[in-house]
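Subject: Structure for your review

Dear colleague,

Please find below the structure that I am handing over to you. I would be grateful if you kept it open while reading the notes that come after it.

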Amino acid sequence: MSDPADSGEPASLTEQEARERAALLEVERYDVRVDLRDLLEGERWQASSTITFTCRTPGASSFVDVVGEVTAARLNDVELDLSTHGRGRLPLPDLAADNVLVVDSVQADTGSGNAILRSVDPQDGLVYVWSSFEPDGARRAWACFDQPDLKAVHGFQVSAPSAWTVLSNTSPDVVLDREDGGRLWNFEDTPRLSTYVVVVNAGPFHEQREEHGDHDLGLYCRQSLRTYLERDAEEIFRITAQGLAFFGEQFARPFPQRRYDHVFVPDFGGAMENWGCVTCSDSELYRSPPTYAERAWRALLILHEMAHQWFGDLVTMRWWDDVWLNEAFASFASAWASVGATEFTDAWAAFLAQEELPAYQLDAGPATHPIRGQVSDESHAFASFDAITYYKGQAVLRQLMALVGEETFVEALRHYFADHAWANATLDDLMGAVGAASGRDLTGWTTAWLDQAGTDTLSLIGGTLLASSPDGGEPRPHALRIGSYERTDDGLRQVALTDVETSGTTTRLDLPVADLHLVNDGDLTFASVRTDERSLEVLLSTAASLPDPVDRALAVCTAWDLLYRGELSTGDFLDCVLAVLATEPSPGVVQPFFELALDAAEQWSPAVLVPRRLARLADVAAARAQEPDHRTAALQTLAAAASSAEHFELLDAAAADDHDLAWRVQVRRASLGRYDAAAVADLLERDPDPDAQVRAWGVEAARPTEEAKAEAWERVWRERAVPAGLPQIGFARAFWRPAQHELLLPWAHRYLDELTDLSGGLLSVLSQVRIMRPRTCDEEWLARAEELTRSEELTPVVRTSLVATVDTLTRVLGARS
Ligand SMILES: [Zn+2]
């Protein structure tokens, strides 16, 4: 037994240590036996990890990572001294050239979501277990060399209760009954994988499988969500098959394994690209028929995790300093595949409205950082895991494709995957491949785009395009288009599209006479766009009549950028976005625009104007609710903004057969002080969703009373009773009603207290901290929060998140006054 007194925080592997260990060791394979049988009733995850590895300097020493209780360890048949195990490391003295290490361990922390989560379905009491290891969670499950560049074959044998299905990266080749109870699942060997992309999920899952082309696709979820999976399975299979075909073709390398599964699990923030076995939050199995935007979002999620199978799993970053590239590439590739292979062809417009916009916001404030940075140890791997890494990174990769051309970009990717398959690579390897394929020297481009923080501004003044960088230095080179439009009776008509490559600050252009010159037409580059006053007036007033959804999104996002930077009033922004919303045909941008309009009306407006502005928004939503393509998004907005008896009448009628909408309406009523206990009880009775209780708590949390807020706080922070993902987002929205400003101020302060006292896994902590951030505050809160960001009390990722919250709320207070 290891010393139980050693409960010190596990040490975080530094880049230096990882380099030294990778230089010393090569791992041949992991044979991991996992015993989950205790988890049916108890909390112990037991494992025995056999690691076969070589050492380049016999006689040298190293260490293996293992967090939890170590019950036995033998290196080359010699017992190791377990008292040396501490802070998640077991020293390995006197290594031979060829080594076999066997470590038996127990992890009792299976309830916090830190790499492993055991959860009990509230509806039927069934138990499910998931694992998720990025960046260094595998060491919590079994002993391993937990760093991305020590890749190895993994062979899993898992013992589980008889009624459970066990899912891992590969197919189970044998499943046997065990004499001492339960079943033993033996999985085929994986290819050489990093420790963070292997997985073991288990439980009495509902299963659906289908053959598509060369692949055998599987979908899994809790029994209580079966009807929702059955409803959407055909679409999820279709998107999966379309994605596998698209990437296989583009990368000239089909996904090499027949089996490809998605496992939808409870209380999981986001999704994880485990090789061949992607884990997703089961809040993506929408409890009401999903809107277009929700379906499009889920398609992106599927494609994002799929892109990682090549970029991340097949070719893996050497160290976490390239994690931004891993994420940016997968996000870029998901939009690219969505447009190229699925029905969701307005993905780039939706990307701009939904993801690129938050990246612009973050980039405009003190939380900005260069896209790439140093990562000194694994605890910092995700310190800048934010909209800049994902979405600005994505925009910059799209800019790179615009610069060299799609064909050249694809050719470069093919070389990159071929050259580094089953190994590790760095940004330089990728840029080298793009440089070679395009015949361009991209050194300057790479530094300009990746090592400089902030957003350039592109201003069209007369016939000159001026580029400026936020720090007054040299602006980045931009490859973009300028669309020239003239007004006609049917709106704006494009008369010219001019390709421009800038270098330096001033680019002279030869543009035709037109009513509007749209800088960054098609959104190919990442920049704030400014025009002279007359063009701005045309842009804001005629945004709705631009012919392409990407350009309408560009107009609205430019207006938001102006509001965010204090250059436009909230009222002017609302005029622009509501005019677009009145007629916008593209469902991929209607929903995010409704959300922007709602934020502007209730969070960014002075208190006295909020009711009138919400009523205006509600009227637009009520009108759009008549159109089938936009009905759900419009009704959801109406439920958030309903202001008149007519609004509620329309909602009540629509909510009769729509539980999700019914919950939203109850939240709105409760927030206005009209909590209806009987209606909530009735809805709870009728709604088959296993998470319906969380919806009922959301209604209670919206009430404008001290007790309601206190009770809700307990549920989120103490009891951890609100599952991550969409349930938490809905709950937070209900809790933080900006109109309840005075009542909520003490809770904004409580939020700061919570930040210094967090526990749990990366995804659940990030999810809680970001989703539960206050939506209102006062000057005193800002001062206190700012002080906290300068203290040593916060972990890096929490600090970064708070800096961004402070910046946004400072701007909100400015816009309100
Ligand atoms: Zn990802």
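This is a predicted model: local features need pLDDT of at least 70, side-chain atom pairs count only at pLDDT 80 or more; totals for chains, interfaces and linings use all residues.

The domain assignment divides out domain 1, residues 24-200, and domain 2, residues 311-450. Their C-alpha centres are 32 Å apart. In the contact between them, 14 residues come from domain 1 and 18 residues from domain 2.

How much area do domain 1 and domain 2 bury between them? The value is about 1200 Å², and 54% of it falls on carbon and sulfur atoms. On the side of domain 1, Pro-135, Pro-148 and Lys-151 provide 39% of the area buried against domain 2, more than any other three residues.

The side of domain 1 that touches domain 2 consists of six nonpolar, two polar and six charged residues.

The second topic is the zinc ion. Which residues coordinate the zinc ion? They are His-304 and His-308, each through NE2, and Glu-327 through OE, at 2.0 to 2.1 Å. Along the chain, these donors follow the spacing H-x3-H-x18-E. His-308 lies in helix H4 (residues 292-310) and Glu-327 in helix H5 (residues 323-341), so placed that the pair, 19 residues apart, links distant parts of the chain.

With kind regards

How values were computed: Residues are numbered from 1 along each chain as its sequence is written. Side-chain values use heavy atoms; hydrogens and water are left out. Domain bounds come from an automatic or database domain assignment. Contact means heavy atoms within 4.5 Å. Buried area is the accessible area (1.4 Å probe) that two parts lose on being put together, summed over both. Ala, Val, Leu, Ile, Met, Phe, Trp, Tyr, Cys and Pro count as nonpolar, Asp, Glu, Lys and Arg as charged, and the others, Gly among them, as polar. Donors are N, O and S atoms within 2.8 Å of the metal (3.2 Å for Na, K and Ca); water is not among the atoms, so sites may look incomplete. Helices (H or I, at least four residues) and strands (E, at least two) are DSSP runs, numbered from the N terminus.
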